[in-house]
Amino acid sequence: MKIDILLGLQWGDEGKGKIVDVVTPDYDVIARFQGGPNAGHSLEFNGIRHVLHIIPSGIFHREKTNIIGNGVVIDPITFDEEIKALVAMGLTPTDNLFISKKAHLIMPTHRLLDAAQEAKKGAGKIGSTLKGIGPTYTDKTARSGLRVCDLYAANFDEQYQKLLSQHKEMLTQYHYDFSETLPELEARWLKALDTLRQFTAIDSEYVLYEYLQAGKKVLAEGAQGTLLDLEFGAYPFVTSSNTIAAGAFTGLGLDPHFAGKVIGIVKAYCTRVGSGPFPTELFDETGEQLRTIGNEFGATTGRPRRCGWLDLVALKYALMINGVTDIALTKADVMSTFDTINVCTAYKVQGKLTSRMPTGTDEVIEPVYTPLPGWKEDISHCSSYDALPQTFKDYIRYIEDFTGVKISIVSVGPDRNATIFRD
């Protein structure tokens, strides 16, 4: 049996949570493979919107197994809040949620270090979510981090205090005053560990391997988006983990021969939170219209997202990096008010046309647009591909012809039922 991978193809916020929730009935296991509480996977059903940050988006399907993989970094406070919200809904997540022993823990001081380091950058800040993600991955790389398995070690307190002292020294060097914020954060964090310890910690690489050998279907769920990948995003304006398909194998401990389908999620337009290049960003009334109609405010930070037209140059790059087999197109309903819809089909850099993503972040990129007719029709009620307006079908066909990849799933609204499968 193969493992399918679902991930974002833009700068995050593509609608991964909804699509995972929608396709979960086709799988036995949903496994998050990277990122942490900087993710905000939104799902909507029965008129209620849910946002998950750490927990896999298959959790609302009680009969499905959900796994937090070794590549994820876990903030116990955020985890505790999510679990309480699920329990309040009548779910029993201890029954179907399991956590890799090798997943790293976000400490209270990781959050403070994140804030201190971002403040130090001044005008050059990258737009961190300030959730402690970067400093946690830094400790992981430096081989000094705390892992889930350490929670059960006899010397856990000693390990914690040692790393805490190192962090305090670093914060002092940043001239960051933590005297008032740390005690409260630490108290909440230590209490939240009780919730984390209620869950079964597993050797997820063994468990997933055995599941696949037994013929179970596994979906690997990514966070953030391809263009924020640590290696292939617009460095340094990237996240701290590998968001691409290859990251699923290191983030779950599986070898690449298990690779199955790669489902890439893309919005019908582009958004970005934080700093960094965004070639098709709109600073006019159209950009504001996309933000308002699409409710483009960060599910994790609440920050207004930068909005722009669909960038097919960046999309084709993301498809290539990930080996995408199927595209899921989301938020097409947001585009229903426009007479003309522009799509970026080339860049002009230093006066020359190119179809490649520049490596440097200081390049001035001028997007070259191809105008397409808008569908000017509410599509949120459509329940089949045939019911969609022809101009929208033409938009889909244009993307497919340009990229060479089929759009297999079309989302026409936030609810799980507002989804069209073309196969």
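Colleague: At roughly what angle do the axes of helix H3 and helix H6 cross, and within what distance do they come?

Modeller: The axes of H3 (residues 108-121) and H6 (residues 181-196) cross at roughly 140 degrees and come within 9 Å. Axes here are lines fitted to C-alpha atoms, for helices over the stretch in contact, with angles from 0 to 180 degrees between N-to-C directions. Helices (H or I, at least four residues) and strands (E, at least two) are DSSP runs, numbered from the N terminus. Bear in mind that this is a predicted model: local features need pLDDT of at least 70, side-chain atom pairs count only at pLDDT 80 or more, and totals for chains, interfaces and linings use all residues. Residues are numbered from 1 along each chain as its sequence is written, and side-chain values use heavy atoms, leaving out hydrogens and water.

Colleague: Which residues make the contact?

Modeller: From H3, Pro108, Thr109, Arg111 and Leu112; from H6, Thr181, Leu182, Leu185, Glu186 and Trp189. Contact means heavy atoms within 4.5 Å.

Colleague: Switching topic, where does Asp229 lie?

Modeller: In the loop between strand E10 (218-221) and helix H8 (246-252).

Colleague: Buried or exposed?

Modeller: Asp229 is buried, because its relative accessible area is 0%. The cut-offs are under 20% for buried, over 50% for exposed and partly exposed in between, with a 1.4 Å probe and protein chains only.

Colleague: Which backbone nitrogens lie by polar atoms of the Asp229 side chain?

Modeller: The backbone nitrogen of Phe232 lies 3.0 Å from one such atom, and that of Ile244 lies 3.5 Å from one. Not counting residues up to four places away in sequence, Asp229 touches Val238, Ser241, Asn242, Thr243 and Ile244.

Colleague: Which residues does the cis peptide bond with omega of about 10 degrees join?

Modeller: Tyr235 and Pro236. Pro236 also lies in the loop between E10 and H8.

Colleague: What about Asn295 and its phi?

Modeller: Asn295 has a positive phi of about 50 degrees, although it is not a glycine. Asn295 lies in the loop between helix H9 (285-293) and strand E13 (306-308), and counts as partly exposed at 48% relative accessibility.

Colleague: How many disulfides turn up?

Modeller: A search of the whole structure finds 0, where a disulfide is a pair of cysteine sulfur atoms within 2.5 Å. As for individual cysteines, Cys382 is buried at 5%, while Cys149 is partly exposed at 25%.

How values were computed
A polar contact is a pair of N or O atoms within 3.5 Å; within protein, one must be able to donate a hydrogen and the other to accept it, and residues adjacent in sequence count only if both atoms are side-chain atoms.
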